[in-house]
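This briefing goes through the structure below by topic.

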Amino acid sequence: MTAVPQPTVSATQARRAGGIGRAVTYLLLVVAAFFFLIPIYLVFATALKTPDSIVLATAWHWPAQLNWASFSEAWDKVGGNMLNSLFLAVTATLLSALLGSLNGYALSKWRFRGANTLFALMLFGMFIPYQAVLIPLFQFIKALGLYGSIWGLILAHVVYGIPITTLIFRNFYADVPDALVEAATIDGAGFWEIYARVIFPISIPGFVVVIIWQFTQVWNEFLFAATLTNTGSQPVTYALSQLAGGQAVSWNLPMAGAILAALPTLLVYIILGRYFVRGLLAGSVKG
């Protein structure tokens, strides 16, 4: 009888090697998280200090006495601007998501001559920097009578958001079986009825991805906020830049304001984060 060759690595050794590999992976993740959290620690530590205790020599020290008044004072200065940003981000996100959904539906399920060329031209808008179109955009918004208002800023973000939302939804709807649309067409449904009764109900994962992406982009944008609005309609990003203005800066106020301004986007990720991963796996960003 021929001897059966024995495996060179036992199951115990394999499990031990796998455990070491996982331990090293977790260690590297903890180290990476530590470096990512360092700026957040510094922001909180500075926000909770009094202005006279903020010096370079003790910048990394945790305050001995917490100064919560920084947040109330920062809210008094940027609270109205945060409401402007909330209205801006919610409105622009919903409009651009809806338009992107309709575009993706039309480009993926209602094929027409020149659809691919039109899609490529729309994607080209993703690569145009804000600075390149700032002057003509300013003139266009002013010609419409929307300069200085929040609606002019909403229009700019909706138009700039259409390329990325169209891309996400087109790729998402490409995975939807054409048989669903064909069956609805045989039953007599038209373009809008198919969208409302067939496509839209299964689009929740795509909408989650688009809402998280677009809300974050609109909320954090600064250039349009600084050039297309006036004092009454400026969003929070511009107001934060004014907190740090002047010669003697009370650094606890900009830091407290930055924390307050980050809360809405953080809340969106907390609520929709798990659905965001599902949306990605469902094909929302597959090419």
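Two residues are in contact when heavy atoms of theirs lie within 4.5 Å. By that criterion, and leaving aside neighbours within four places in sequence, F224 is in contact with Y130, L134, L137, L153, A156, H157, Y160 and T229. The model is predicted. The protein chain has 11 helices and zero strands.

**Overall fold**

- The elements of the protein chain, read from the N terminus, run α-α-α-α-α-α-α-α-α-α-α.
- Of the 287 residues in the protein chain, 38% are buried.
- Among contacts in the protein chain with a separation of 6 or more, 75% join residues 24 or more positions apart.

**Annotated transmembrane regions**

- The unreviewed UniProt entry places the feature "transmembrane region" at residues 23-44, 86-106, 118-138, 150-173, 194-215 and 255-277.
- The span 86-106 is 100% helix and 0% strand in the model, and its end C-alpha atoms lie 30 Å apart.
- The span 194-215 is 82% helix and 0% strand, with 27 Å between its end C-alpha atoms.

**Helix α3**

- Helix α3 covers residues 115-124, and A115, F119, M122 and L123 are buried in it.
- Viewed down the axis of α3, these buried residues fall within an arc of 100°, so they line one face of the helix.
- An α-helix has 3.6 residues a turn, so residues three or four places apart point the same way.
- T117, L121 and F124 are exposed on the other side of α3.
- The partners against which the buried residues of α3 pack are α2 (69-109) and α5 (150-174).
- One of those buried residues, F119, also has the charged end of R170 over its ring, 4.2 Å from the ring centre.

**Nonpolar cores**

- The largest nonpolar core has 34 residues, of which F71, W219, F224 and V236 touch the most other members.
- At least two residues of this core come from each of α2, α4 (130-143), α5, α8 (204-220), α10 (236-243) and α11 (252-281).
- Helix α2 supplies the largest share of this core, seven residues.
- A second, separate core holds 19 residues, including F172, A189, V209 and V210.

- T91 is located in helix α2 and counts as buried, at 16% relative accessibility.
- Apart from neighbours within four places in sequence, T91 is in contact with W151 and I154.
- T93 is also located in helix α2, and its relative accessibility of 2% counts as buried.
- Apart from neighbours within four places in sequence, T93 is in contact with I211, Q214 and F215.
- The C-alpha atom of T93 is separated by 8.3 Å from that of H157, which is 64 residues apart from T93 along the chain.
- H157 is also among the contacts of F224.

**Aromatic pairs**

- A pair of aromatic rings is described by the distance of the centres and the angle of the planes.
- The whole structure contains 20 aromatic pairs.
- The ring centres of Y41 and W62 are 5.8 Å apart and the planes are at 25°, so this pair is stacked; the angle falls under the 30 degrees required for stacking.
- Y41 belongs to helix α1 (residues 11-47) and W62 to the loop between α1 and α2, so the pair links distant parts of the chain, 21 residues apart.
- Y41 is partly exposed, with a relative accessible area of 31%, and W62 is partly exposed at 45% relative accessibility.
- Y105 and F191 form a tilted aromatic pair, 4.7 Å centre to centre with 45° between the planes.
- Y105 is in helix α2 and F191 in helix α7 (residues 191-199), so this pair ties together parts 86 residues apart in sequence.
- Y105 counts as buried at 0% relative accessibility, whereas F191 counts as partly exposed at 26%.
- One aromatic cluster consists of Y105, W110, F169, F172, Y173, F191, W192, Y195, F200 and F207.

Definitions and conventions:
Residues numbered from 1 in each chain as written. Predicted model: local features only at pLDDT ≥ 70, side-chain atom pairs only at ≥ 80, totals over all residues. Heavy atoms only, no water. Buried < 20%, exposed > 50% of the residue type's maximum accessible area, 1.4 Å probe, protein only. Helix = DSSP H or I, 4+ residues; strand = E, 2+ residues; numbered from the N terminus. Arc of directions from axis to C-beta. Core = buried A, V, L, I, M, F, W, Y, C linked by side-chain atoms within 4.5 Å. UniProt positions renumbered as here; feature names shortened; annotations may be inferred. Phe/Tyr/Trp six-rings, centres within 6.5 Å; stacked < 30°, edge-to-face > 60°. Lys NZ or Arg CZ within 6 Å of the ring centre and 35° of its normal.
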